[in-house]
Amino acid sequence: MAAQLQGSLADLENLNQALQRSERRWRQFLDGIPLGITVYDRQGRMVFASEEARVMLELEDLPSTPNTGVEDTFVAYRANSNERYPVERLPITQALLGQKGWADDIELHGIDRVIPIEMATTPIFDSKGQVEYAIAAFQDITTRKQAQQVLAKHTQILEQTVTERTAALVQAQRTQRAILDAIPDLLIRCSGDGIYLDIMSSGNVELLADSNLQIGRHISSFLPAAMADERLHHIRRTLETGQPQIYEYDFETSQGKHYEEARIVPSGNNEVLIIVRDITQTHRGCPGRPAAVSTKCDRQYPLPDYR
């Protein structure tokens with residue numbers, strides 16, 4: 001029996017040594033990872049704190065197993081304030097109640113530093129389903145918070161810039177509209193193959209068809225054939241040479257003969273701007289003047305250059 005007892009004691013010693021070696025290995029592992037790890041028993045007493053946790057919680061002067069409560073070992077504050085974080089709201093307290101917990105609005109206030117942390121906790125149950133331990137893992141999220149602040153600042157600046165530029169664009173559009181409304185000329189955006197893309201302003205020129213009916217249609221749909229062919233000729237010439245084309249033409253209306261001057265300038269890839277001015281009064285001011293495309297009236301006022 002003495003021999004058996006001696007053998008049992010030897011086995012127990014070996015088990016204790018194996019347990020101690022296993023515990024040392026786990027401590028070395030937990031001390032090596034860049035996370036704060038703390039373990040609390042069911043009474044809420046700290047029974048383990050990793051090296052990172054001891055540094056962040058400023059527990060270096062306490063024994064390796066502090067055996068003190070959450071209030072003494074985990075002094076936390078609400079983010080961006082000097083208000084103590086309620087102990088009952090801490091994730092570690094939730095874990096002691098049997099629930100997993102998480103929070104990222106916690107700060108640790110040291111002597112000369114403030115550390116924002118993210119914490120996740122989990123309960124460990126015994127064979128009877130009772131909480132035996134609560135494990136907390138937390139990390140410094142200073143860099144993340146700084147990145148969020150920088151992002152928020154840039155987002156605010158971007159929103160302000162967009163607001164300002166939108167207001168400036170609206171004002172610019174109003175100014176452009178006012179300018180267009182003040183111009184006495186008919187302004188038309190037209191593709192190289194004679195499709196009206198937009199009628200920007202009708203000015204003082206009497207349209208041969210409603211402007212909404214002309215957009216998206218070929219000029220031959222609403223202009224007399226000869227007038228449409230002449231305009232297409234000058235559109236092609238403008239795009240071929242890259243130079244403005246100016247010509248005059250006349251046509252009969254119910255009020256008599258009407259005279260107009262058209263200027264066509266390149267305004268984009270396969271696109272021109274057609275500027276039409278009513279010059280009927282100018283022609284009437286030049287008695288005996290023949291209606292010819294190549295002629296110019298000395299009293300004619302110059303057409304603005306819209307290029």
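Me: Which residue is the bridge partner of W102 in β5?
Reply: The bridge partner of W102 in β5 is A120. This is a predicted model, in which local features need pLDDT of at least 70 and side-chain atom pairs count only at pLDDT 80 or more, while totals for chains, interfaces and linings use all residues. Residues are numbered from 1 along each chain as its sequence is written, and side-chain values use heavy atoms, with hydrogens and water left out.

Me: How many bridges hold β4 and β5 together, and what joins the two strands?
Reply: Strand β4 (residues 101-109) pairs with strand β5 (residues 114-125) in the antiparallel sense over seven bridges, and a hairpin of four residues joins them. Two strands pair here if DSSP finds at least two bridges between them. Strands are DSSP runs of E with at least two residues, helices are runs of H or I with at least four, and both are numbered from the N terminus.

Me: Which other strand does β4 pair with?
Reply: β4 also pairs with β3 (residues 77-78), antiparallel and over two bridges, where R78 has I106 of β4 as its bridge partner.

Me: And what else does R78 do with its side chain?
Reply: The charged end of R78 sits over the ring of Y85, 5.1 Å from the ring centre; the term requires NZ of Lys or CZ of Arg within 6 Å of the ring centre and within 35 degrees of the ring normal. The side chain of R78 also meets that of E83 in a salt bridge at 3.4 Å, N to O, a salt bridge being a side-chain nitrogen of Lys or Arg within 4 Å of a carboxyl oxygen of Asp or Glu. R78 counts as partly exposed because its relative accessibility is 26%, and E83 is partly exposed at 44%. Buried means under 20% relative accessible area, exposed over 50%, and partly exposed in between, with a 1.4 Å probe and protein chains only.

Me: Switching to the open sheet, what is its strand order?
Reply: The open sheet has five strands in the order β8-β7-β11-β10-β9, with antiparallel pairing. The edge strands, each pairing on one side only, are β8 (196-201) and β9 (245-253). Neighbouring strands are turned by 25° against each other on average, direction ignored, where axes are lines fitted to C-alpha atoms, for helices over the stretch in contact, and angles run from 0 to 180 degrees between N-to-C directions.

Me: Which helix lies across β7, β8, β9, β10 and β11?
Reply: Helix α7 (residues 225-241) lies across those strands, running at about 170° to β9, and contact means heavy atoms within 4.5 Å.

Me: How many salt bridges does a search of the whole structure find, and which ones link distant parts of the chain?
Reply: A search of the whole structure finds seven, among them R277 with D185 at 2.6 Å, N to O. That pair links strand β11 to the loop between α5 (142-182) and β7, 92 residues apart, and both R277 and D185 are buried. R189 and E271 form another, at 2.8 Å, N to O, which links β7 to β11 over 82 residues. R189 counts as partly exposed at 28% relative accessibility, while E271 is buried at 17%.

Me: What about aromatic pairs, how many are there?
Reply: Four are found in the whole structure, where rings of Phe, Tyr and Trp (its six-membered ring) pair if their centres lie within 6.5 Å, and planes under 30 degrees apart count as stacked, over 60 as edge-to-face and the rest as tilted. F74 and F138 have ring centres 5.4 Å apart and planes at 85°, so the pair is edge-to-face. F74 lies in the loop between α3 (70-73) and β3, and F138 in β6 (residues 131-140), so the pair ties together parts that are 64 residues apart in sequence.

Me: Are F74 and F138 buried or exposed?
Reply: F74 and F138 are both buried.

Me: Which residues form an aromatic cluster?
Reply: Y247, Y249 and F251 form one aromatic cluster. The rings of Y247 and Y249 have centres 5.5 Å apart and planes at 35°, so this pair is tilted, and both Y247 and Y249 are buried.
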